Amino acid sequence: MFRPEEILIVTGTPGSGKTTAANSIAQLSGSPKVHLHSDEFWHFIKAGSIPPWHPEAHRQNATVIDVLAGAAARYAKGGYFVLVDGIIGPWFLDAFRNTGAVLHYVILRPDLEEAIRRCRERGGDTLSDPVAISALHQQFGNLGALERHALSVAGLSADETCDAIGKAVESGRFRLR
């Protein structure tokens, strides 16, 4: 189901379950897999970092996405199934389209209230501001031609979300052309 040399981007609003799902799928037996948690790529910036949700962070964010896509491509070329999780909106897909790898794009879509609750419950220094989460939820709610890549995860458990992602990848429905 998760074939080597392919890339799966698991995205959605904060609290949609993308990291939990990608981490679980990466540990499944079968093909060798790599999980690239995109948040880590922003943490590599040690001086001059701009919070990625600020409008003035666009150039920084484009650079981080370019580096992330390059790492994903290299792992895929090395024979791995690559899971990339993070807030990777349609506006950043070109960097991944240019890798030449088979690319799947799944946008997890929870209910807004569920996403806000999950973010509050996990604590730490992760995004928990309901205003920012609502804005991202709205951006992922208006996908135009990419609407077919949305996967409702409202009310699903982590295992059910992983199963739904697996079925989606296997069907080819979420493959970007």
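Q: Which residues of α3 are buried in this predicted model?
A: The model is a predicted one, and buried here means under 20% relative accessible area. Helix α3 covers residues 58-77. Its buried residues are Gln60, Asn61, Val64, Ile65, Leu68, Ala69, Gly70, Ala71, Ala72, Ala73 and Ala76.

Q: What covers the buried residues of α3?
A: Let's look at both strands and helices. The helices in this cover include α2 (38-43) and α4 (93-97). The strands in it include β1 (6-12), β2 (33-37) and β3 (81-85).

Q: Which residue just after α3 takes a positive phi?
A: Helix α3 has 20 residues and reaches 28 Å from its first C-alpha to its last, close to the 28 Å expected. Just after the helix, a phi of about 100 degrees is found at Gly79.

Q: Why is one side of β2 and of β5 left without a neighbour in the sheet?
A: The open sheet has 5 strands with parallel pairing, in the order β2-β3-β1-β4-β5. β2 and β5 (150-152) each have a single partner strand, so one side of each lacks a neighbour, and the place where both stand is at the edges.

Q: What is the bridge partner of Leu108 in β5?
A: Strand β4 spans residues 102-109 and pairs with β5 in the parallel sense over 3 bridges. In β5, the partner of Leu108 is Leu151.

Q: At what angle does α7 run to β4?
A: Helix α7 takes in residues 158-171 and lies across β1, β4 and β5. Its angle to β4 is about 145 degrees.

Definitions and conventions:
Residues numbered from 1 in each chain as written. Predicted model: local features only at pLDDT ≥ 70, side-chain atom pairs only at ≥ 80, totals over all residues. Heavy atoms only, no water. Helix = DSSP H or I, 4+ residues; strand = E, 2+ residues; numbered from the N terminus. Expected span 1.5 Å × (residues − 1). Buried < 20%, exposed > 50% of the residue type's maximum accessible area, 1.4 Å probe, protein only. Contact = heavy atoms within 4.5 Å. Pairing = 2+ DSSP bridges. Axes fitted to C-alpha atoms, helices over the stretch in contact; angles between N-to-C directions.
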